[in-house]
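User: I would like to learn how to read a structure like this one, feature by feature. Where do we start?

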Amino acid sequence: MPVRIKTGPQIDRMRVPCRKLGQIFDALGEMIRPGVSTFEIDAEGERLIREAGGVPNFLHYEGYPASICVSVNEEVVHGIPRKDRILKEGDIVSLDAGMVIGGWHSDAARTYPVGNVSEADAALIAAAEESFFAGLAYARAGHTLYEISAAIGGWAKAHGYGVVRDLTGHGIGRALHEDPVIPNYAQKTKGVLLVPGMTLAIEPMLTAGGEEVAWLDDGWTVVTRDGAKASHYENTVLITEDDPEILTLPGNAAARGGEAAE
Ligand code: MF3
Ligand code: CO
């Protein structure tokens with residue numbers, strides 16, 4: 001399928017679930033502390049999404065049973081929230097969430113420290129974000145998709161982190177997952193030419209060890225094979241004529257005339 005280019009009015013509609021998702025991440029970040037269960041994080045996330053007028057787009061996606069993916073330590077992504085999974089001091093926890101409003105999707109992820117974490121774990125958390133921004137530098141009209149991929153993977157490698165290869169970023173818009181697939185490491189080809197109006201979910205998943213992952217028996221939770229901790233950072237990004245716009249930040253579009261009509 002070709003990459004769907006969004007028009008100006010469509011982009012304005014997409015800004016709404018994206019900005020609101022950014023705000024929800026800020027609120028969820030506040031509740032991360034020792035003693036909280038991953039179930040409580042999901043419940044609060046779903047409540048905030050619905051309160052914002054959205055629908056959780058992960059819930060029931062291919063059978064996924066929750067609204068927020070909550071992945072702890074060596075869990076990379078798609079952890080299933082549980083009442084008996086209690087966060088403890090020194091854990092790191094990745095939240096991945098999305099919502100749909102008026103038929104338009106958003107998707108983002110962040111990794112948080114639980115209380116005080118080791119220096120190495122704090123660096124791992126920062127690394128996912130930094131590799132995202134290394135990739136974002138190429139998220140510009142006139143560049144090609146795999147320049148983003150190569151920059152993410154190159155940054156990770158240069159800093160001694162593993163890059164998960166079995167999972168990727170993706171286009172997003174009318175659907176949670178649209179073309180193109182966005183790998184987080186260099187490819188042999190250039191990939192599509194980036195043009196204004198493309199909306200991409202760029203989402204590096206880094207590890208403090210190897211790059212191999214496995215799926216737990218629950219059918220969802222992706223873990224590192226070697227048990228090393230992992231971090232995840234994702235935003236929905238708009239390609240423009242100029243600098244890329246990170247749509248899933250809490251302040252997005254506020255300076256551009258506020259909310260568009262649905
Ligand atoms: N956020 C994931 C992604 O980026 C989607 C999670 S699908 C779910 O593609 F089913 F696990 F929710
Ligand atoms: Co995604």
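**Reading the model**

Analyst: With one residue and its neighbours. This is a predicted model. Take Val93: beyond residues up to four places away in sequence, Val93 touches Ile32, Val70, Ser71, Val72, Leu87, Arg110, Thr111, Tyr112 and Val114.

User: Which residues touch the most other members of the largest nonpolar core?

Analyst: The general idea first. In soluble globular proteins, nonpolar side chains tend to be buried together. Here the largest nonpolar core has 23 residues, and Ile32, Ile41, Val93 and Leu95 touch the most other members. At least two residues of this core come from each of α1 (8-30), α2 (38-51), β2 (68-72), β4 (92-101) and β5. There is also a second, separate core of 17 residues, with Val3, Phe132, Leu145 and Ile182 among its members.

User: How do I read the length of a helix? What does α1 reach from its first C-alpha to its last?

Analyst: Compare the end-to-end reach with the expected value. α1 has 23 residues and reaches 34 Å, close to the 33 Å expected at 1.5 Å a residue. Look along the helix as well. At Arg15, shortly before the proline Pro17, α1 has a kink of about 25°.

User: And α2: what should its 14 residues span?

Analyst: They should span 20 Å at 1.5 Å a residue, and the end C-alpha atoms of α2 are 20 Å apart, so the two agree.

User: Which residues of α2 are buried?

Analyst: General idea: an α-helix has 3.6 residues a turn, so residues three or four places apart point the same way. In α2, the buried residues are Thr38, Ile41, Asp42, Gly45, Leu48 and Ile49. Their arc around the axis is only 130°, so they lie on the same side of α2. Now the partners. The buried residues of α2 pack against α1, β1 (55-56), β2 and β4. After α2 comes Gly53, with a positive phi near 85°.

User: Let me try helix α4 (residues 145-158). Which of its residues are buried?

Analyst: Leu145, Ile148, Ser149, Ala151, Ile152, Gly153, Trp155 and Ala156 are buried in α4. Their cover includes α3, β6 (162-163), β8, β9 and β10. Length next: the 14 residues of α4 should span 20 Å at 1.5 Å a residue, and its end C-alpha atoms are 20 Å apart, so expectation and model agree. Just after α4, Gly160 has a positive phi of about 85°.

User: Now the backbone. Which peptide bond is cis?

Analyst: Most residues other than glycine have a negative phi, and most peptide bonds are trans. The bond from Asp179 to Pro180 is cis, with omega near 5°. Pro180 is in strand β8 (residues 178-182).

User: Where is His60 found, and is His60 buried or exposed?

Analyst: His60 is in the loop between β1 and β2. Its phi is positive, about 75°, although His60 is not a glycine. His60 counts as exposed because its relative accessibility is 61%. Glu62 is in the loop between β1 and β2. Glu62 has a positive phi of about 50° and is not a glycine either. At 65% relative accessibility, Glu62 counts as exposed.

User: How should I read a metal site? Which residues coordinate the cobalt ion (ligand 2)?

Analyst: The cobalt ion (ligand 2) is coordinated by Asp107 (OD), His170 (NE2), Glu203 (OE) and Glu234 (OE), at 2.0 to 2.2 Å. The spacing of these donor residues in sequence is D-x62-H-x32-E-x30-E. Distant parts of the chain are linked here: Asp107 is in strand β5 (residues 104-113), and Glu234 is in the loop between β13 (230-232) and β14 (235-238), 127 residues apart. Asp107 and Glu234 are both buried.

User: Is Glu203 buried or exposed?

Analyst: Glu203 counts as buried because its relative accessibility is 6%, and the cut-off for buried is under 20%. Glu203 is in the loop between β9 (199-202) and β10 (205-207). Beyond residues up to four places away in sequence, Glu203 touches Asp96, Asp107, Thr168, Gly169, His170, Asn184, His232, Tyr233 and Glu234.

User: How far apart in space are Glu203 and Tyr233?

Analyst: They are 5.5 Å apart, C-alpha to C-alpha, and 30 residues apart in sequence. Glu130 lies in helix α3 (residues 119-136). With 41% relative accessibility, Glu130 counts as partly exposed.

Key: Residues numbered from 1 in each chain as written. Chains lettered and ligands numbered in written order. Predicted model: local features only at pLDDT ≥ 70, side-chain atom pairs only at ≥ 80, totals over all residues. Heavy atoms only, no water. Donors = N, O, S within 2.8 Å, 3.2 Å for Na, K, Ca; no water. Helix = DSSP H or I, 4+ residues; strand = E, 2+ residues; numbered from the N terminus. Buried < 20%, exposed > 50% of the residue type's maximum accessible area, 1.4 Å probe, protein only. Core = buried A, V, L, I, M, F, W, Y, C linked by side-chain atoms within 4.5 Å. Contact = heavy atoms within 4.5 Å. Expected span 1.5 Å × (residues − 1). Bend = angle between axes of the 7 residues up to and from the residue. Arc of directions from axis to C-beta.
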